[in-house]
Amino acid sequence: MKMDWVPQEDGLREILTLLRESQSPDTDTQRAVQQKLEELNKYPDFNNYLMFVLTKLTSEDEPTRSLSGLILKNNVKTHFNSLQPTVTEYIKTECLQAVGDPSPLIRATVGILITTVASKTDLSLWPELLPALCSMLDSTDYNVCEGAFGALQKICEDSADVLDSDTVNRPLDILIPKFLQFFNHSSSKIRSYAIGCVNQFIIQRSQVLMFHIDTFLQNLFHVATDEDSEVRKNVCKALVMLLEVRMDRLISQIDNIIEYMLMRTQDPDESVALEACEFWLSLADQSICKSALSAHLTRVIPVLVRGMKYSEIDIILLKGDVEEDHNIPDKEEDIKPRFHKSKTHTIKAMQNGTENGIDKDDEDDFEDGDDDSSVSDWNLRKCSAAALDVLANVFQDDILPIIIPILKETLFHSEWEIKESGILALGAIAEGCMTGMVSHLPELIPYLINCLNDKKGLVRAITCWTLSRYSHWVVAQSHDSYLKPLMTELLKRILDSNKRVQEAACSAFATLEEEACTELVPYLGYILETLVFAFSKYQHKNLLILYDAIGTLADSVGSHLNKPEYISLLMPPLIQKWNVLKDEDKDLFPLLECLSSVATALQLGFLPYCEPVYCRCVSLVQHTLLVQMAHMQNPEQCEDIDKDFMIVSLDLLSGLAEGLNGHIEKLVENSNIMNLLHMSMQDAMPEVRQSSFALIGDLTKACFQHVRPHISSFMPILGQNLNPEFISVCNNATWAIGEICIKLGVETRPFIPLILNQLIEIINRPDTPKTLLENTAITIGRLGFVCPHDVAPMLQQFVRQWCVSLRNIRDNEEKDSAFRGMCQMIQVNPAGVISDFIFFCDAVASWVHPQEDLKDVFIKILHTFKTQVGEENWRRFSDQFPQQLKERLTNLYGL
């Protein structure tokens with residue numbers, strides 16, 4: 001007969017002492033306990049002791065027992081594969097026996113432990129788990145039922161895909177109908193668990209749930225007005241997800257559901273209101289939004305605006321009553337990690353600054369200037385504002401008759417909390433209702449500029465954000481009326497005595513810089529004095545945002561920054577920070593990004609600073625690659641490194657190459673950057689490759705003599721990365737190939753088989769993004785320029801898409817070389833363009849000032865074609881041209 005495991009008295013006493021000591025506030029005691037616990041892990045039955053304390057030692061207090069279980073959970077997580085089978089079996093058996101422990105804390109701990117064990121092993125290796133928990137649901141002992149449900153909900157959360165894809169045992173065939181039965185249970189906690197379990201299977205459209213969808217909906221509606229807030233919250237969650245996956249089933253009830261969600265968005269429990277508020281965000285994505293919501297808008301919009309008001313708890317957590325805190329250092333935990341966006345080569349489009357060659361990120365987070373880590377990132381206020389934003393985009397000016405009276409009431413309200421919510425609402429509708437708002441802005445913008453001096457910091461902060469949302473309009477008006485007063489006041493707010501206002505003002509100013517670009521040049525001295533003064537005033541967190549504002553300024557005004565008086569203002573504080581920061585300090589990321597923009601803008605003005613910056617960047621790249629190799633060879637001994645160090649360094653090197661051009665040559669010659677690039681361009685991480693290819697392109701332009709010896713090893717790697725699944729990597733590889741072939745000339749020929757077919761495939765793909773299309777067309781044109789006889793035979797396969805891709809980009813040297821290539825290919829293979837000649841006519845008409853010799857080639861090709869087809873055919877052909885195209889061809893090329 002098998003003997004059950006029994007603890008030794010001494011061992012038990014030692015572990016209990018440790019558990020009690022671990023609750024001590026003294027850090028030295030905690031450190032000693034941690035070390036002792038690690039040592040005890042070497043004893044196989046240490047985990048049995050922890051399990052025993054959790055489930056059997058009822059004489060001990062509950063927090064100590066629970067702590068024992070949580071330590072065991074961490075051990076299972078870390079050392080599961082090295083646990084002895086007897087220990088694992090003991091843990092599993094004891095867990096199932098303790099599911100119904102009389103203590104809610106112990107039940108919850110056991111549930112967490114069960115889920116951890118289940119997640120570390122295949123569920124099929126614990127075959128008795130699900131049947132045991134499922135049968136416990138029918139227990140007459142409430143504790144057993146509740147404990148089993150708690151464990152099942154955690155399993156459903158962690159392993160929904162595994163449960164759904166188990167086609168052998170098909171556990172969901174039993175579990176889902178079982179869960180549905182409990183929607184009407186007398187205990188609200190059980191009802192909430194049951195709905196929570198089923199909710200895990202909605203988004204993946206679990207087959208079993210879809211089979212029972214009508215029962216699910218009936219049961220949901222039955223508990224919709226439950227007195228328990230957790231139940232109501234889970235009902236709202238379910239309906240929001242169902243809106244996405246089973247609109248067909250909700251459509252007949254959509255008016256009732258909207259009424260219900262309107263009521264729940266005003267639920268006294270804010271966590272329920274937040275779940276309900278998600279419904280409006282989700283509905284805005286549905287094609288039926290306009291028709292379904294139109295009749296309800298007059299009631300939905302006021303509810304959303306009310307939801308934007310800071311709650312009392314928000315104000316406490318945000319320290320809304322603390323007006324001056326600029327001298328208080330930031331806590332390290334308040335500083336969120338920043339993510340570097342790798343460099344992408346883009347091309348400027350033709351329209352007057354409306355398209356700057358960078359695709360806007362569609363899923364921009366809704367930020368309203370009140371971000372704070374002490375308040376949960378996503379709350380009712382933000383969700384309400386985001387919902388108003390998306391609904392304004394759906395209904396546009398149609399919502400103005402509803403929102404304008406609300407704004408008139410809130411914006412001028414005597415209570416600052418209501419006034420603040422009105423300013424947020426005004427910012428939220430900026431994108432969707434801009435056309436209709438234009439007539440109100442001459443009155444509203446001066447009012448908002450005035451609000452930048454409000455005595456409440458939270459009002460000043462949100463006003464910064466809202467003004468930034470209207471900066472496009474401001475920049476287009478008379479400077480004296482709007483831009484100058486806005487800029488003056490925003491710069492004062494950058495130096496505000498409240499840290500939240502500083503942050504909001506810096507972010508708003510960065511947006512204004514992007515909109516205004518060179519319009520800011522007359523005010524550069526004043527702007528720089530303010531930003532540089534902020535260096536001495538700011539605490540840690542806002543310094544990181546200040547770097548961004550300076551980098552954006554450099555991007556926006558470009559070489560206008562390259563004046564001795566500006567350089568002497570800007571560079572000393574940046575270099576001082578650069579010297580203070582250690583190589584492993586992540587604050588280097590935003591500083592390197594900032595310096596990259598500054599180096600590109602200052603061009604030769606950066607020369608006095610370039611050598612130490614260049615050397616440190618190369619050193620950071622080398623260090624990252626070495627640590628990464630050591631980690632791959634010995635992952636146990638050597639920790640991996642954050643590759644952002646390498647990415648931002650590569651991007652700053654790109655900035656230096658672009659700004660200094662040939663003056664970087666000596667630095668490149670005296671470093672091993674080419675060997676490092678050969679490694680980094682083969683990195684597994686797409687962002688590393690992306691930045692490596694950008695640098696190769698920039699070094700090719702700046703000092704090709706150092707790139708040339710490595711071309712035979714670089715080109716095959718570039719060719720392998722012409723994969724549009726990684727858009728930015730592919731984009732930079734394409735651009736770098738184009739730069740290389742211009743320098744390499746006819747010697748590009750051996751590499752054409754490695755690249756041409758992929759480029760033709762990319763240009764003909766229906767979903768290729770605009771920037772990638774333009775770069776691909778330019779590189780194909782450049783290949784045709786240096787090797788026309790190799791590329792021209794394929795002309796018919798890409799000429800139409802090539803012409804369409806390049807008709808909207810501005811005149812520049814890239815466009816020039818690409819069109820020269822196209823003309824050479826047409827001269828080699830005129831038949832390749834005949835069927836698409838109208839597209840070629842349209843593309844050459846897009847030039848504003850082609851160079852004279854290029855213009856002569858265009859005239860020659862156009863007139864040769866006209867002569868060859870004959871007057872009558874040409875007339876019929878040119879009758880298809882839009883009037884504007886006819887006029888441009890006549891005026892430019894005498895056709």
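Reader: Start with Phe865. Buried or exposed, and at what relative accessibility?
Author: Phe865 counts as buried, at 13% relative accessibility, because the cut-off for buried is under 20%. Bear in mind that this is a predicted model.

Reader: And Phe877, buried or exposed?
Author: Phe877 is buried, with a relative accessible area of 15%.

Reader: How many aromatic pairs does the structure hold?
Author: It holds 23 aromatic pairs. Take Phe149 and Phe179 as one of them.

Reader: What's the geometry there?
Author: The ring centres of Phe149 and Phe179 are 5.8 Å apart. Their planes meet at 35°, so the pair is tilted.

Reader: Why tilted at that angle?
Author: Planes under 30 degrees apart count as stacked and over 60 as edge-to-face, so 35° falls under tilted.

Reader: Are they buried or exposed?
Author: Phe149 and Phe179 are both buried.

Reader: Back to Phe865 and Phe877. What's the geometry of that pair?
Author: That aromatic pair is tilted too. The Phe865 and Phe877 rings are 5.6 Å centre to centre, with 55° between the planes.

Reader: Which helices does it link?
Author: Phe865 lies in helix 46 (residues 852-869) and Phe877 in helix 47 (residues 871-878). They are 12 residues apart, and the pair links distant parts of the chain.

Reader: How many residues apart are they?
Author: Glu872 and Arg876 are 4 residues apart, about one turn of the helix. Both lie in helix 47.

Reader: Which network do they belong to?
Author: Glu872 and Arg876 are linked with Arg875, Asp879 and Lys886 in a network of salt bridges.

Reader: How many salt bridges does the structure hold?
Author: There are 41 salt bridges. One of them joins Arg616 to Asp583, with the closest N and O atoms 2.8 Å apart.

Reader: Where do Arg616 and Asp583 lie?
Author: Arg616 is in helix 33, residues 607-633. Asp583 is in the loop between helix 31 (564-580) and helix 32 (588-602). They are 33 residues apart in sequence, so the pair ties those parts together.

Reader: And burial? Buried or partly exposed?
Author: Arg616 is buried, with a relative accessible area of 15%. Asp583 counts as partly exposed, at 31%.

Reader: Next, Arg782. What does its side chain meet in a salt bridge?
Author: Glu739, at 3.1 Å from N to O. Arg782 lies in helix 41 (residues 770-786) and Glu739 in helix 39 (residues 727-744), 43 residues apart.

Reader: Is that pair buried or exposed?
Author: Arg782 counts as buried at 3% relative accessibility. Glu739 counts as buried too, at 5%.

Reader: Switching topic. Which ring does the charged end of Arg381 sit over?
Author: The ring of Tyr310, 3.8 Å from its centre. Arg689 lies over the face of Phe726, at 5.5 Å from the ring centre.

Reader: Cysteines now. How many disulfides?
Author: The structure holds 0 disulfides. For Cys464, the nearest cysteine sulfur is that of Cys506, 9.6 Å away. A disulfide needs the sulfur atoms within 2.5 Å, so Cys464 is in none.

Reader: And what about Cys615?
Author: Cys615 is in no disulfide, and its nearest cysteine sulfur, that of Cys610, is 8.8 Å away.

Reader: How accessible are Cys464 and Cys615?
Author: Cys464 is buried, with a relative accessible area of 0%. Cys615 counts as partly exposed, at 42%.

Reader: Last one. Which residues make the nonpolar surface patch?
Author: Ile313, Ile316 and Leu317 make a patch of about 290 Å². Ile313 lies in helix 19, residues 312-317.

Terms used: Residues numbered from 1 in each chain as written. Predicted model: local features only at pLDDT ≥ 70, side-chain atom pairs only at ≥ 80, totals over all residues. Heavy atoms only, no water. Patch = residues over 30% accessible without salt bridge, like charges linked within 9 Å, V, L, I, M, F, W, Y side chains within 5 Å. Areas by Shrake-Rupley, 256 points an atom, 1.4 Å probe, with all protein chains shown as cover. Salt bridge = Lys/Arg side-chain N within 4 Å of Asp/Glu carboxyl O. Helix = DSSP H or I, 4+ residues; strand = E, 2+ residues; numbered from the N terminus. Phe/Tyr/Trp six-rings, centres within 6.5 Å; stacked < 30°, edge-to-face > 60°. Buried < 20%, exposed > 50% of the residue type's maximum accessible area, 1.4 Å probe, protein only. Lys NZ or Arg CZ within 6 Å of the ring centre and 35° of its normal.
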